[in-house]
Structure formats: C-alpha cells, structure tokens
Amino acid sequence: MSWLDIFSYVRDYLFPPICLVCGSRETYRREHLICEACIDSISLIRHPFCIHCGKPFLAESDRDHLCGDCLTQKSYLTIVRALGKYEGVLQKLIHQFKYKQQFAVGNILEFLLDGYQKKDINFCSYNFSVPVPLHRSRLRQRGFNQSVLWGKILEKKYNLPLKRMVLQRIVCTPPQIALRGKERKNNVRNAFKVKNSELVNGKTILLLDDVYTTGATMNECARVLKKAGAFRVDGFVIARAG
Ligand SMILES: [Zn+2]
Ligand SMILES: [Zn+2]
C-alpha cells in the first residue's frame, strides 16, 4: 500500500465521499464525484432530432428533419446542438456551478462528452469558441460566467480555443426566464456587440451557452457575429430545455 493509498483511505474515513447531486454514498464513483444512479439517469440528446436546432423528437424510428419552429423562424445559427436535456440530474449539475462546484461539475461534463455523438459537432472545424457573455454588473454579482466554464471544458478536451473577449454584452437585460417567445427576442435585441470585427471576419465560430430555451439569446449573438463578418456560427450548449 502506497502513501497515497493510505492518505485516500484516511481521507475517505474522515470525510466519506458523497454524490454531488443526491448525497448518496452508494455506488459512488470517486473519479466522477457522482453516483452511478445519478449519472445513468442523465438523458443525452440522441437522434432523431431537428437538423437545425437539435430539438429531440419522441418517435425513435423517425429520421432527423426540421422541427415546426425552424420551418417558420429565421436563424443566424447554422446548427445548434446540446449535450443533454435540461431536466433532472443535468439541471441540478448546472445549478451546482453556482455553488462553487465548478471543478466537480466540469469533471462530470467532461465524462458525459465521451458518450456524446461527436459526429454532430466537429470541434476541429471551428476557429474558436465564443461564450455568450454576461453583462459586467451581472458578472460582478455572480462571480463567474457558466458559458465560459463550458468553453474551458471544451478547450481542455478538444483543444478548441476559447475567445472570451470577442463578444460583449452592452445592455444589462432582465433575465429571459420570466419572458415569453417574442418578449425574449425583444429583450436581447441589440444587447451584444462585437469588440473587434477583425477577430471574427471570415471565421467559423462555435457559440456556447449553458442552457438553450427558445434560442433568442444565442440567435442575437449569432446575428451580431455574422454582421461583423463571421463566416458561420454554430451553437453548442450543455442542456436543452424542451
Ligand atoms: Zn447521486
Ligand atoms: Zn428545430
């Protein structure tokens, strides 16, 4: 038994490890800081889904096609993909980011990415990723930006450079959560600015956010990036609501 083994044994005896999500000690996986039951309950997005926005369809035998929303709405994003559904354990994990559990959650997300069907997003095909920014005042209040943390995980895992200063949030808009469809669109209209268009001109960009709901925020960011000369903007989020 090495000193490291003895140290781990004593540490686990004094501070028994518990699952980050449910607090269970059973079937706990130390390498992922979560129990088997929790990790198994996460629904990753699988085919069939909307070829544009990635919305999953219920019928398993169905082929990928455009969803009703994408048939009628204009989007500046070429495709949007999500790691999983915004529900249950994944929803809790995203909230855990707020309680200074960034390292532990990052570790779990990295593990989940292994099970994600990467052919849907080719991380090597982007020049860099851009996180949806928070307004300065909200960043000060919260202390971190979840989209930046997401970008750091992808940078580490896939060598995808993260450019956090490309896009700026110039208006501190009310949270989207209390608003509906059209109000969400209006709320974020002209809320973002590209700091230096030379950085985005002709580039293929992966836009990152933690949660995708109606897509109004990401679409507005993509609009501004395209206007500044970006060649293509795709979106990748941790979780998709609906
Ligand atoms: Zn658990
Ligand atoms: Zn769609």
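Strand β3, which spans residues 80-85, is mostly covered, with five of its six residues buried. In this predicted model, β3 is joined by five bridges to strand β8 (residues 232-240), and the two strands run parallel. The domain assignment divides the protein chain into domain 1 (1-41) and domain 2 (44-240).

**Strand pairing**
- Within the parallel pairing of β3 with β8, V80 stands opposite G235 of β8.
- In a regular strand, side chains alternate between the two faces of the sheet.

**Nonpolar core**
- The largest nonpolar core comprises 49 residues, and those with the most contacts inside it are I205, L207, M218, C221 and L225.
- This core lies between domain 1 (1-41) and domain 2 (44-240), because both domains give residues to it.
- When its neighbours within four places in sequence are left aside, L225 is in contact with L167, V194, V200, I205, A230 and V233.
- One of these contacts of L225, I205, is itself listed among the core residues with the most contacts inside the core.

**Domain arrangement**
- The C-alpha centres of domain 1 and domain 2 lie 31 Å apart.
- Contact between the domains involves seven residues of domain 1 and ten residues of domain 2.
- On the side of domain 1 that touches domain 2, five residues are nonpolar and two are polar, while no charged residue is present.

Note on methods:
Residues numbered from 1 in each chain as written. Chains lettered and ligands numbered in written order. Predicted model: local features only at pLDDT ≥ 70, side-chain atom pairs only at ≥ 80, totals over all residues. Core = buried A, V, L, I, M, F, W, Y, C linked by C-beta atoms within 7 Å. Buried ≥ 20, exposed ≤ 12 C-beta atoms within 10 Å, placed from the backbone. Domains from an automatic or database assignment. Contact = placed C-beta atoms within 7 Å. Nonpolar A, V, L, I, M, F, W, Y, C, P; charged D, E, K, R; others polar. Helix = DSSP H or I, 4+ residues; strand = E, 2+ residues; numbered from the N terminus. Pairing = 2+ DSSP bridges.
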